Amino acid sequence: MAVAATTRTGARPSWAGRRPSVPPWVGTVPFFGYVAVFLLWPTGIVVYEAFKNPAGRFTLSGITALGNSQVRGFFIGSFKLSLISSLIGAVLGAILAYAVASGNPDGVIRRLYLCVSGVLAQFGGVTLAFAFLVLIGPVGLLFHAGWYFSFPWGITVIYAYFQIPLMVLVFLPAIDGLKVQWREASENLGSSAWQYWRYVGGPLLLPAFLGALLLLFANALSAYATIQAWEDAIPYTVPQQIYTSMSSEVGLANINYADALALGMVVLVAIVMTGYALLQRRAARWLR
Amino acid sequence: MSALIAAAKKEGTLNVIALPPTWANYGTIISTFEKKYGITINSALPDGSSQQEVDAIKAENGSPKAPDVVDVGLAVALANTSLFAPYEVSTWSDIPAAQKDPSGLWYEDYGGYMAVGYSSKFGTITSLSQLLGPQFKNAVALNGNPTSANAALNGVMMASLAEGGSAGNIAPGVNFFAKLKAAGNFSPVEATGASIKAGTTPVVFDWDYLNLPTYVGVSDWKVFIPQNAVLGGFYAQAINKNAPHPAAARLWEEFLYSQAADGGQNLWLEGGARPVEQAAMTSDGTINTSAAAELPTVTGTPVFLTEAQSTAAAQYLAANWAKAVS
Amino acid sequence: MAAVTSVGETPLAVPARRQAGMQAGRRRRLNLFRYVVFTVFGLFFALPLLAMARFSLEGAKLGTWSLTAWRQITSYTSSEGIPPLISAVEITLELAVITSAVMLVLVVPTMIWIRLRVRWLARAMEFLCLLPLTIPPIVLVVGLGPIYDKIAHLSLSALMLFWVYVILALPYAYRALAAGLSAIDATTLSEAARSLGASWFSVIVRVIVPNMWDAVLNALILTWALVLGEFTVAFFLLYVNLQVELYSISRNTPDAGVIFSTSTASLLFAFVLLLILSYVGRRRRAIRG
């Protein structure tokens, strides 16, 4: 730690020169400690239980059960739904965010859309599914959408309802960061809108866009209440199957199987995150 | 008994779980008990399943919030007897032997028969095969997913009985629902008061006490039980071995099995459910005859699933239900 | 979007008037785009809400109107004095305040610190901040059971939910904050401030945070919305918060419309609250072009 030059105005870094260097990562201990207790420990319990059977003995049967075709179908269904709904939510949300951002920064519309987005991003579950059911379901007020009960398109429309506002909320700061001068500068240099977005705006926004997309993906992956209210007689996704295994009243309850499924989901997200990290590195190379 | 009441009042609180107020008149039962004994009832997780009730016992063990008593499906009760404390209510002898555990760990409380409730816009329905007709597009629903909800599994089993299957064979029932789905008449939505009121699920397979017009909220709701497909299901009471309020728990059971005019048995009857002590109460004259007369008529001998049969049915469903209806 | 100028023309020779015309044209096209977007999305978001509101005003027979579903919210009381709805609202508001405070204090300095001094931890933090979303709440509750058992010995209050709410809010808040942090050049700002003699504390609190105030606001909005709308974890841990209470109210009556009046009421309430919040956090005008 270099000794900061003492200035007449005072304000030296508080522990410069007082003790041998404390490694900087110490500053992150509160955060990681908190997360360790309230997230990693419960996750660890879930993972641990995944390797046991209901009698409490250690077993790999929960994990090997993940390989059977029915379970694979659940994971594929979950992945499909999450991917499609997050892509749609991300693209549409980005468009909406751009529309909001290009207006008056202190204006009413922006404030309104921000708060509406905040409320709707967490809105889901029974009431959302039911509102759509009443609107475009079999006895729909608006019309009867024959595809309403189809998977994944029917449920994607419902998911879009909270994915888009979520995208607006997490992506808006990134669009705000695009300085107006850059746009003007690039126009002065004769570029068209397409060129601006292709060479300047797009690459600048890409990391934040990918990050938001990842969030939307994970959001859709773990969503349960909405899809269960949409329909629950046919299991399509992993959370539905987890819930069935946890709360079965007909003697099929198997918490360890549910934990194994949850472990599978964590692994899936880890894989997706690795792909995301590679994409980010690729995108960063564009910028530099 | 008076010692029990005094001890319970001293505890002052009772933790119950998964008791929706509109299910079999539990709302009135809870408030009657509270008023009668001055004990506050904390009703947690009203929409929980039987499995969640025993999970709460295990997870909250030692906490003052743990459930004192549970009301669970028979399969769950039989699988978790190690969590219960034995207790025999004062009217123990009035409970039929086949409907209680000999050592007092669990005892059935109320039940009903699986029925089909429907909106009167369909006229009168007398047999399940009518449901395959074109006017029932997207109309027929179960109460949940049969691989997890007891009421839904019994719905499929009842269809199986009506289609020539037996208590040990649920395949005809699954085939019936596959036929419904192929005809476009099966609605995968869980039938709730809201979906019925909106007209989304005008035909519902559910226990008869959950198919009451008052429960469903639609005044012109009708109910029928198919001939010779009378499938009965009873729930069971049990006391948590490590209940935080043991005296209140036992007093609650006494109240539920009391045959007084404002006792649990008659209150359940008023909720459209058949109380377990019904036979004894009818001969004693303590039963509420007008409420009893409102129960739907049944033709045929009631069938009750044994534990082995319901496990076999569940396993068949786990392997075949998704394929049949997707 | 921009008027398509032919790239071949020498742009530096564009006369000032022509430039104004270009910008006006672009502005007009932009406004058209905005109106179309707001209308289309507005319709998409409004219709289900209207359906819900219409349904909450439904009478006993389909097609009639009735206020009973709304009156049910206020008339539901337990045997105790204060209607449980008021205490549930109170608890949830307190939870929102505590959760957002803890979350900001925990996450914002750590993010900035990692960005400035400990870059190699960035991916780890990102993964940890995404993890809560990968585990469905119903499974997380299984893992949280033993921990909350210990907490229940310290305090039975529903306010103890904040420990897990911070974790639940992490993914959303982190993403909003990260978007804001990446939009500013934190390294340069901090170097400038340090060379003027500022302590790290000052750098974080007085230099960087004000420049990402929008992101902080968005993170706050997301956290508040989460706490106001959270149901599953509170429900399965057997606590009573606003959504659990509304759910109880809706189950306490055979009138199915009540679940819609309670939902609509809770949405309106959350919206008004967030609106107030957004005025409280008036952003300082950062230097814009």
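Colleague: In what order do the elements of chain C run, from the N terminus on?

Modeller: This is a predicted model, in which local features need pLDDT of at least 70 and side-chain atom pairs count only at pLDDT 80 or more, while totals for chains, interfaces and linings use all residues. Residues are numbered from 1 along each chain as its sequence is written, and chains are lettered from A and ligands numbered from 1 in the order in which they are written. Elements are DSSP runs numbered from the N terminus: helices (H or I, at least four residues) and strands (E, at least two). Chain C has 12 helices and 0 strands, and its elements run α-α-α-α-α-α-α-α-α-α-α-α.

Colleague: What share of the residues in chain C is buried?

Modeller: A residue is buried if 20 or more other C-beta atoms, placed from the backbone, lie within 10 Å of its own; 12 or fewer means exposed, and in between is partly exposed. Chain C has 289 residues, and the buried share is 46%.

Colleague: Which part of chain A has the highest confidence?

Modeller: Confidence here is pLDDT, the predictor's score for each residue, from 0 to 100. Chain A averages 81, and 92% of its residues score at least 70. The lowest mean, 75, belongs to helix 2 (residues 61–65) of chain A. The highest, 91, belongs to helix 3 (residues 69–101) of chain A.

Colleague: How many contacts does the stretch of residues 1–12 of chain A have beyond near neighbours in sequence?

Modeller: Two residues are in contact if their C-beta atoms lie within 7 Å. The pLDDT over residues 1–12 of chain A is below 50. Where pLDDT is low, the predicted coordinates should not be read in detail. Beyond near neighbours, the contacts of this stretch of chain A in the model number 15.

Colleague: How does helix 3 of chain A lie relative to helix 6 of chain A?

Modeller: Axes are lines fitted to C-alpha atoms, for helices over the stretch in contact, with angles from 0 to 180 degrees between N-to-C directions. The axes of helix 3 and helix 6 (residues 153–176) of chain A come within 6 Å and cross at roughly 45°. Under 35 degrees is roughly parallel, over 145 roughly antiparallel, 65 to 115 roughly perpendicular, and the rest oblique. So helix 3 of chain A is, to helix 6 of chain A, oblique.

Colleague: How many nonpolar residues are on the side of chain A that touches chain C?

Modeller: 91 residues of chain A are in contact with 82 residues of chain C. Ala, Val, Leu, Ile, Met, Phe, Trp, Tyr, Cys and Pro count as nonpolar, Asp, Glu, Lys and Arg as charged, and the others, including Gly, as polar. On the chain A side, 20 are polar, 7 are charged, and the nonpolar count is 64.

Colleague: Which helix gives the largest share of the side of chain B that touches chain A?

Modeller: Here 32 residues of chain B contact 20 residues of chain A. The chain B side divides into 14 nonpolar, 17 polar and 1 charged. Its largest share, 6 residues, comes from helix 13 of chain B.

Colleague: Is B:Asn25 buried or exposed?

Modeller: B:Asn25 has a positive phi of about 70°, although it is not a glycine. Its place is the loop between strand 1 (13–17) and helix 2 (26–37) of chain B. B:Asn25 has 25 C-beta neighbours inside 10 Å, so it counts as buried.
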